[in-house]
Amino acid sequence: MKANVLVRNAWYAAGPSEAFPLGALHGQVVAEKPLVLWRAGDGRMVGFDDRCCHKRMPVSAGRFLEPDLLECAYHGLCYDATGACVRVPSHPDGRIPPQARLRPVPLVEQDGLVWVWPGDPAKAAGARPPRVPEFSDPGWERADVGGAMAVPANALLLIENLLDITHFYPLHDGNIGDLENSRIPITVEEGVRDGTPFVGTVREVRDYRQPPYLAEYFGYDVVDRHHTHFMLNPGLTRVQMRVWPAGRQGDPAVERGYVIIHTHTPVDRRNHVWHLMVAMPKGQMCRSDPAKKAITAFVESFPKVIAEDRWALERQQRMFDYPDDGYVEVFLRPDTALRRARLILNRMERAETNPDTRDAAE
Ligand code: FES
Ligand SMILES: [Fe+2]
């Protein structure tokens, strides 16, 4: 079961909807597939293989001559929002070769995120991108932390990091570090949703003394808590924390919490783009400053946490450059979910190259 995994037949987030304003050209490599994306004049997102059909020039390096008339920067072939070539400047007779077009990539925009499918287009209809209902719920608000972050590490290393809170101490010692957190019993859940396997952990705890940063967000010292971390597909991990004052679990009147959405979009086997977005119910204010939103405090404090995780991921990735030479990775009890996640991605990758392969290498 390898860590150096790359799944192509999956939905990956290219970014939040607001990253794609009208008139902007967006080039991005997703799972080794170069893509060009833009918002067409009618508001729909469109996406294509970024390679100009003439000489592979990335059309994302071109420009719009007018809305939905994209000119390649090299010899000036022009494409419309269906990807069809509609102009060949070097053909004075106006003739356009019938095969001259950009190849479309399956694309979905939902819950304020733009999703692309870099793999076999024929397989895209069998799965749906995971939903993020809080992003389209008017009772919630969303904030981005750090924007699109290029991380020089395989995306699986981030997924494993997110499914493992035992690293809060020592990696995040001094901010979200909380050794008690690591000792809460874990239940692992897995299944298939929207055509894609998922796996994650559930941590339930009663009479839990919150660390100071959570008491600041939620306003309670001692809580009953429901805390989940789920890889919902290869491109998204969802973290949800729900807390109630001790003894009041399930009472919506006093519930507080957040949802953290991590999108991890592979570029190739050693790079990915990480995007962290947080959502909280509107009106959740800081304990120390009731005029300040808890989500604002979260956005201010989390860049340091992210920097610590990136510090670790980059160093882990570099260790893959050396021959194993007898190295054996040890899985601990809390690693159950991340081991299952690795298994899921390995199976998905193998199914792309050899659909008949069973679990022989596991
Ligand atoms: S490579 Fe695009 S027009 Fe020639
Ligand atoms: Fe972390």
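Modeller: A residue is called buried under 20% relative accessible area, exposed over 50% and partly exposed in between (1.4 Å probe, protein chains only). The model is predicted, so local features need pLDDT of at least 70 and side-chain atom pairs pLDDT 80 or more, while totals for chains, interfaces and linings use all residues. Residues are numbered from 1 along each chain as written, chains are lettered from A and ligands numbered from 1 in written order, and side-chain values use heavy atoms, without hydrogens and water.

There are 23 salt bridges in the model, each a side-chain nitrogen of Lys or Arg within 4 Å of a carboxyl oxygen of Asp or Glu. One of them joins E32 to R8, with the closest N and O atoms 2.2 Å apart. This pair links distant parts of the chain, 24 residues apart: E32 belongs to the loop between β2 (26-30) and β3 (33-39), and R8 to the segment before β1 (12-16). Strands here are DSSP runs (E, at least two residues), numbered from the N terminus. E32 is partly exposed at 42% relative accessible area, and R8 is also partly exposed, at 27%.

A second pair is E134 and R238, whose closest N and O atoms are 2.8 Å apart. Because E134 sits in the loop between β10 (113-116) and β11 (140-151) and R238 in strand β15 (residues 236-245), this bridge ties together parts 104 residues apart in sequence. Both E134 and R238 are buried.

Strand β15 also holds R242, and its partner E255 lies in the loop between β15 and β16 (256-268), so that pair spans 13 residues in sequence. The N to O distance between E255 and R242 is 2.7 Å. E255 is partly exposed at 25%, as is R242 at 29%. Finally, K2, R269 and E349 form one network through salt bridges that share partners.

Terms used: Helix = DSSP H or I, 4+ residues; strand = E, 2+ residues; numbered from the N terminus.
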